[in-house]
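Student: I have a new structure open and would like to learn how to read it. Could you walk me through some features, one at a time?

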Amino acid sequence: MLRFFIFFSLFIHSCVAAPKTPAAAGAAPAKKWLTLNGQEPAVVARGGFSGLFPESSAPANDMAISTSSPGLTMLCNLQMTKDGVGLCLSDIRLDNATTISTLFPKAQKSYKVNGQDLKGWFVLDYDADTIFSNVSLVQNIFSRPSIFDGQMPVSAVEDVLGTKPPKFWLNVQYDSFYMEHKLSAAEYLKSLRFRGISVISSPEIGFLKSIGMDAGRAKTKLIFEFKDPEAIEPTTNKKYSELQQNLAAIKAFASGVLVPKDYIWPIDSAKYLKPATTFVADAHKAGLEVYASGFANDMRTSFNYSYDPSTEYLQFVDNGQFSVDGIITDFPPTASQAITCFAHQKDNLPKAGNALVITHNGASGDYPGCTDLAYQKAIDDGADVIDCSVQMSKDGIAFCHDSADLTASTTAMTTFMSRATSIPEIQPNNGIFSFDLTWAEIQSLKPQIESPFLTTSGFQRNPANKNAGKFTTLDDFLELSKAKAVTGIMINIENAAYLASKKGLGIVDAVKSALTKSTLDKQSTQKVLIQSDDSSVLSTFEKVPPFTRVLSIDKEIGDAPKPSVEEIKKHADAVNLKRTSLVTVSQSFATGKTNVVEEMHKANISVYVSVLRNEYIAIAFDYFSDPTVELATFIAGSGVDGVITEFPATATRYLRSPCSDLNKDQPYAILPAEAGALLSVAAKEAQPPASAPNPPLEAKDVIDPPLPPVANMASSNGTGEAPPKTPPASGTVATAANLGLSLLAMLVLGLFCAA
């Protein structure tokens, strides 16, 4: 246990700075809030930092206080033991949050609770000593870290009060049930003399009325909790939806209400927001504060939020119409940053630092990549650099698209399945390639939003706009960048050698011609970045000084020795590296930090990191399942010169926030995570085995053979007819049986994605 708290203390001090007192931000202008009293909405930590650690455990409580803004409220869900001791646990049953079922496997019981028959291991069947001496906590949401399970004792209410949170909230969920079994939450509160308790909430009117006088003397705020609208309130036997119609009556015994967030912003069956209800306005009119519950970074909610939890918080506190008075959350740092750092942020604020926000296929998290809509959204979101991965049609039209293979990002599977081929030089799987279709054929397709985690985890992106937008030619992309005066563009060139030698298509010449036509090669106002994974491609742009050449390094590396860096310097001014080349990750934990950025910077080579995505499944636990903390880790922690992201709005908002500038005196700062610190909190035997380090980058990995000349081959006449067949290179075409199976698999996948 001593080792645990030593490691935890190191974790707190290595990655979290104590929030400054409000006086430290005296110079900052006061924000105007649409809460009942005009004050900043409260951040209420449900069970401490329960998004990481088991609910109300000592680490969860300490971490919540250390990482959240000043004024944090700690919420404890009260449960009572056989001998009347109050515990902080989310449910009346122990089995989902503790090890009780393994200790007493035959002790399961059944009770009727508020009209429902429930089975499990109930708290009231055990005395406090049995629980404290034998039972330990586990994480009760299975997508969260399990390596802390079985290591932390259950917390009594007094234990949480002992952490001295700025404010303490006790939620009494089941008073009538406990009263049936001769246990009284009211008497328990009297034994505590209400000391240190700022707020008491309950879904039972009778309980709140019974403690009204004592709470008033202790200046403890009472909050009435609304449950599901169709559920029955035990005292009145009325549905909560009926009680909602007379909020003035609630004001007689409570100063506020606690509601599930759907009471305020309901979501339709397609997972999009409906118009806001009038609940907040009605409650404020009745003089009641409104607290919203159900917030967590790792739970899928409305597509309107683009998988960004801060955007959801802002929807409730900074929508221009109303603000809730408090947020109940499992991830208090994220709610803190949304309220303290992002609310009331103006779009024209300058960005802190020099890191560039570079798109990956435009705002491809919200629209099909490389379409006009994806680019316009990226520009509106404040991206510094919009990107075009250039592909070639069979008849020589250069256009922007993520990959030469059109199967995942268009509707090509439904129209051109017979044109699928296997080209190992480009990818291991069969595909329908752009250079085998004319531009007219490509334009007959619809773009299709790519959801990188759809097949593995079911994470879908913005289905309402799944096929929205138009394909963009390179010429149109360049004209758009000039018309919108974006800071810069990135042109990505891949497969140049194959296209030249096997298809007679000169992609490098096409890019040069388009840049010359747009005059972007004769100006210095807009940045022009030329990116490729082929150093020979970059060398062809050496004589165009205004351009920044970027070498894309697709492999994971753990080191960049001097010979490799010197070789890069011959061809490029910058590198695009994978996230795991900067911070190593194992089983969703950040395990270490490399020195690659420092090694590149010593040679005056800029470093961009890719690809950043908002889905929490792609984000290490150390980043709190929050894309903003990941951004802070790479920008403020690793010192990268740019981030390549599919959600530029998230990155831009972070860089425009004063909380991203760690040199400023602010009441709250968004700090980078310290790789390995969270993992060190777990017992050694629970930690995942150490993985082998990434290999160093070798000079030979940088050097590519010279580009072949563009072959003079028969080409399409624009009617869609295929050019004459040429004998395939060795290993180019799979066997007929394998090809047929692969095509069948792709058809099934295409139909699934289109569903």
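**Reading the contacts**

Tutor: Gladly! Let's start with a salt bridge: the side chains of Arg 419 and Glu 441 meet in one, at 3.2 Å from N to O. Keep in mind that this is a predicted model.

Student: Where in the chain do Arg 419 and Glu 441 lie?

Tutor: Arg 419 is in the loop between helix H16 (412-415) and helix H17 (439-443), while Glu 441 is in helix H17 itself.

Student: How many salt bridges does the structure hold?

Tutor: It holds 29. Some share partners: Arg 46, Glu 55, Arg 144, Asp 298 and Asp 330 are joined into one network this way.

Student: Now the rings. How many aromatic pairs are there?

Tutor: A search of the whole structure finds 28. Take Phe 224 and Phe 253, an edge-to-face pair with 6.0 Å between centres and 80 degrees between the planes. Phe 224 sits in strand S8 (residues 221-225), and Phe 253 in the loop between helix H11 (247-250) and strand S9 (256-260). Both belong to a cluster that also takes in Phe 226, Tyr 240, Tyr 263 and Phe 279.

Student: What sits over the ring of Phe 342?

Tutor: The charged end of Arg 653, 4.6 Å from the ring centre.

Student: And how should I read the nonpolar core?

Tutor: In soluble globular proteins, nonpolar side chains tend to be buried together. Here the largest nonpolar core has 185 residues, and Phe 226, Ile 264 and Ile 491 have the most contacts inside it. Helix H21 (residues 507-518) gives the most to this core, with six residues. Apart from it lies another core of twelve residues, including Ala 420, Ile 432, Ile 442 and Phe 471.

Student: Which residues does Ile 491 touch?

Tutor: Leaving aside neighbours within four places in sequence, its contacts include Cys 388, Val 390, Leu 474 and Val 511.

Definitions and conventions. Residues numbered from 1 in each chain as written. Predicted model: local features only at pLDDT ≥ 70, side-chain atom pairs only at ≥ 80, totals over all residues. Heavy atoms only, no water. Phe/Tyr/Trp six-rings, centres within 6.5 Å; stacked < 30°, edge-to-face > 60°. Helix = DSSP H or I, 4+ residues; strand = E, 2+ residues; numbered from the N terminus. Lys NZ or Arg CZ within 6 Å of the ring centre and 35° of its normal. Core = buried A, V, L, I, M, F, W, Y, C linked by side-chain atoms within 4.5 Å. Buried < 20%, exposed > 50% of the residue type's maximum accessible area, 1.4 Å probe, protein only. Contact = heavy atoms within 4.5 Å. Salt bridge = Lys/Arg side-chain N within 4 Å of Asp/Glu carboxyl O.
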